[in-house]
Amino acid sequence: MLHILVATSTWLDLAKRRDGQRWIVALRVLSHQRHVVPIVPKLVIDEFKQNQDRIETSMTSSIAQHFMQIKQDLSDFGGERNGDQSADQTLTSDATK
């Protein structure tokens, strides 16, 4: 059995990442199977809670920027292929195919 202590900054980084949930689920499975015992001091939980709103805001902003980039790419590269369709129409028509 492996005992593991993860710092608050690592938990916060996992929470910010789009693929962070995969790591958290894997840790939960290993913990449930008793292969890993996570050591989580109260200080880590308290610090995570203090920063949770900031992390959620950061994630929301990151996702919004990602979608804006996709929309811009569709406008830049999809516009030539689809005549004068807007990026929104291109996204909608591609999703229904």
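Reply: A salt bridge is a side-chain nitrogen of Lys or Arg within 4 Å of a carboxyl oxygen of Asp or Glu. In this predicted model, the side chains of D13 and K16 form such a pair, with an N to O distance of 3.9 Å. Residues are numbered from 1 along each chain as its sequence is written, and side-chain values use heavy atoms, with hydrogens and water left out. Because this is a predicted model, local features need pLDDT of at least 70 and side-chain atom pairs count only at pLDDT 80 or more, whereas totals for chains, interfaces and linings use all residues.

Me: How many salt bridges does a search of the whole structure find?

Reply: The search finds three. Besides the pair D13 and K16, the side chains of D19 and R17 meet at 2.8 Å, N to O, and K42 is joined to D46, with the closest N and O atoms 3.2 Å apart.

Me: How are D13 and K16 placed in their helix, and how are K42 and D46 placed in theirs?

Reply: Helices (H or I, at least four residues) and strands (E, at least two) are DSSP runs, numbered from the N terminus. D13 and K16 lie three residues apart in helix α1 (residues 8-16), which means that about one helical turn separates them. K42 and D46 are four residues apart in helix α3 (residues 42-81), and about one helical turn lies between them too.

Me: Is T8 buried or exposed, and which residues does T8 touch?

Reply: T8, which is placed in helix α1, has a relative accessible area of 10% and is buried. Contact means heavy atoms within 4.5 Å, and, not counting residues up to four places away in sequence, T8 touches V44, E47 and F48.

Me: Which residues make up the largest nonpolar core?

Reply: A nonpolar core is a set of buried Ala, Val, Leu, Ile, Met, Phe, Trp, Tyr and Cys residues joined through side-chain atoms within 4.5 Å. The largest one here has six residues in all, namely V6, W11, L14, L27, V36 and V44. Of these, L14 touches G20, W23 and I24 when residues up to four places away in sequence are not counted.

Me: What is the order of the elements along the protein, and what share of its residues counts as buried?

Reply: The protein has four helices and two strands, which run β-α-α-β-α-α from the N terminus on. Of its 97 residues, 15% count as buried. Among contacts with a separation of 6 or more, 65% come from residues 24 or more positions apart.

Me: Where is confidence lowest, and where is it highest?

Reply: pLDDT is the predictor's confidence in each residue, from 0 to 100. The protein averages 82, and 80% of the residues score at least 70. Confidence is lowest in helix α4 (residues 87-95), with a mean of 54, and highest in strand β1 (residues 2-5), at 93. Where pLDDT is low, the predicted coordinates should not be read in detail.

Technical notes: Buried < 20%, exposed > 50% of the residue type's maximum accessible area, 1.4 Å probe, protein only.
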